[in-house]
Amino acid sequence: MHINELIEKKKHGQDLSSEEIHFWIKGYLAGEIKDYQVSALLMAIYFQGLNERETYDLTKELIESGDTVDLSSIQGIKVDKHSTGGVGDTTSLVLGPLVAAVGCPFAKMSGRGLGHTGGTLDKLEAIEGLSIDLSVEEFIQQVNEIGIAIAGQTANITPGDKKLYSLRDATQTVDNMSLIASSILSKKIAIGSDALILDVKVGDGAFMKTVKEAEELSQELVKLGHSFNRNVMALITSMDQPLGQAVGNLIEVQEAIRVLQGQGPKDLEELCLNLGSKVLVLAKKFQDQDLAYKALEETIVNGKALEKFNELIKAQGAKTDAEGLLKQELSPLLAEVKAKEDGYISTIHALSIGEAARRLGAGRLTMEDVIDPGAGIYLLKKVGDPVKKGQAIAKIYGKKNPDLDSIIQDIHKAISYSKEAIPEPQLILHEVL
Ligand code: URA
Ligand code: CA
């Protein structure tokens with residue numbers, strides 16, 4: 001077998017056999033097949049696609065390229081959540097404590113943020129002393145003891161995906177549904193939770209720009225999950241404006257804490273309660289979503305969810321607790337962005353806000369960039385809110401920044417106004433089972 005035969009076949013729209021896909025991934029990881037050859041194959045796949053069986057085989061090869069984590073020694077029905085990436089998306093830091101507080105173990109291995117989307121690990125690392133480097137044994141032990149752990153992928157999980165994803169990123173071949181689905185699910189299946197909910201974001205701040213694309217990806221993901229006998233569902237949610245009010249790291253940790261105290265932004269709370277109640281039904285912990293929803297709300301009211309958050313960060317080495325984190329100073333306030341018109345906010349372009357936050361130091365462009373945990377943007381107004389010209393609509397935090405003026409201009413460009421009242425935008429669009 002030679003890799004060029006595979007490129008030739010795919011170029012002409014023919015299917016690759018299971019053996020051929022095995023040969024490709026194994027050879028690529030061994031360094032016998034080169035980046036330039038795989039680049040050509042990926043581009044052929046981009047144009048010709050992969051069928052269901054090929055996608056399954058690729059996912060299987062990616063899973064088998066590294067270690068898998070067996071969570072069966074953890075009592076109870078383990079749940080996990082994955083978001084396809086958004087702006088200001090603090091969901092995992094809220095959802096994890098919520099579901100753990102009703103007795104469903106939450107076992108999540110997470111990724112880092114790149115570009116305009118933030119990663120859960122970077123947010124957690126804004127907490128002084130906290131470590132995300134848990135060994136598989138520590139990870140399992142922690143979930144057994146307190147019902148929750150959120151760790152980095154320290155173990156050698158799906159190295160095939162890591163290598164392939166970097167190459168896709170460098171060759172404009174990320175945006176193929178089958179490649180995305182195999183990449184996401186290989187990581188999730190390698191870590192064996194019992195129920196997985198996927199938050200598929202759609203909108204200007206997301207990978208998927210249209211509902212049609214988000215539906216296609218959701219269906220691909222759910223079908224692929226089922227073919228591995230996994231209990232998976234997807235919720236398609238809007239990412240047209242940042243989620244909640246905070247975009248950054250420490251600032252989003254503080255926002256997550258406020259949601260757990262019942263004082264957070266309503267959109268973020270609603271998303272977390274929806275994702276949480278759906279995954280609890282998927283995990284058969286509750287018979288219907290209303291009951292699950294009420295149970296989760298109750299953990300906010302009685303303080304159990306916040307307690308779980310404190311247990312989580314303490315177990316992973318935090319030097320302080322939720323109260324201490326709320327008191328912690330962000331980076332200096334660099335500016336307030338003021339409304340340019342009277343009226344109602346009609347759009348807050350999520351991608352531009354995410355980019356602005358990144359330029360303030362809240363995110364990274366390359367894996368080598370260093371994050372300023374205290375940098376970020378706080379939106380005082382959201383879509384639909386009335387504003388007066390000159391009123392503050394956003395606060396921006398960061399270290400001294402030579403690009404400050406241009407960042408402020410970009411935030412202004414991200415915001416538009418309407419003279420008429422704007423209906424509240426719909427956050428949860430639909431579910432794919
Ligand atoms: N996220 C992933 O993990 N992989 C993709 O291919 C796209 C988004
Ligand atoms: Ca947020």
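**Stop one: the second largest pocket**

Start where the lining of the second largest pocket takes at least three residues from each of domain 2 (79–324) and domain 3 (329–418), with bounds from an automatic or database domain assignment. This is a predicted model, where local features need pLDDT of at least 70, side-chain atom pairs count only at pLDDT 80 or more, and totals for chains, interfaces and linings use all residues. Residues are numbered from 1 along each chain as its sequence is written, chains are lettered from A and ligands numbered from 1 in the order written, and side-chain values use heavy atoms, without hydrogens and water.

The pocket's volume is about 510 Å³. Now select Q241, D267, K382, V383 and P425: of the 23 lining residues, these are the closest to its centre. (On a 1 Å grid over the protein atoms alone, a pocket is an open set of points where a 1.4 Å probe fits, with protein on both sides within 12 Å along at least five of seven lines; lining residues have an atom within 4 Å of a point.)

**Stop two: the calcium ion**

Select ligand 2, the calcium ion: its protein donors are G88 (O), L243 (O), A246 (O) and E255 (OE), at 2.2 to 2.5 Å. (Donors are N, O and S atoms within 2.8 Å of the metal, or 3.2 Å for Na, K and Ca; water is not among the atoms, so sites may look incomplete.) L243 is buried at 1% relative accessibility, and A246 is buried at 0%. (Buried means under 20% relative accessible area, with a 1.4 Å probe and protein chains only.)

The whole structure has zero disulfides (pairs of cysteine sulfur atoms within 2.5 Å). C104 is buried at 1% relative accessibility, and C272 is buried at 1%.

Notes: Buried means under 20% relative accessible area, exposed over 50%, partly exposed in between (1.4 Å probe, protein chains only). Grid points are joined across faces, edges and corners, and a volume is the space filled by probe spheres set on the points.
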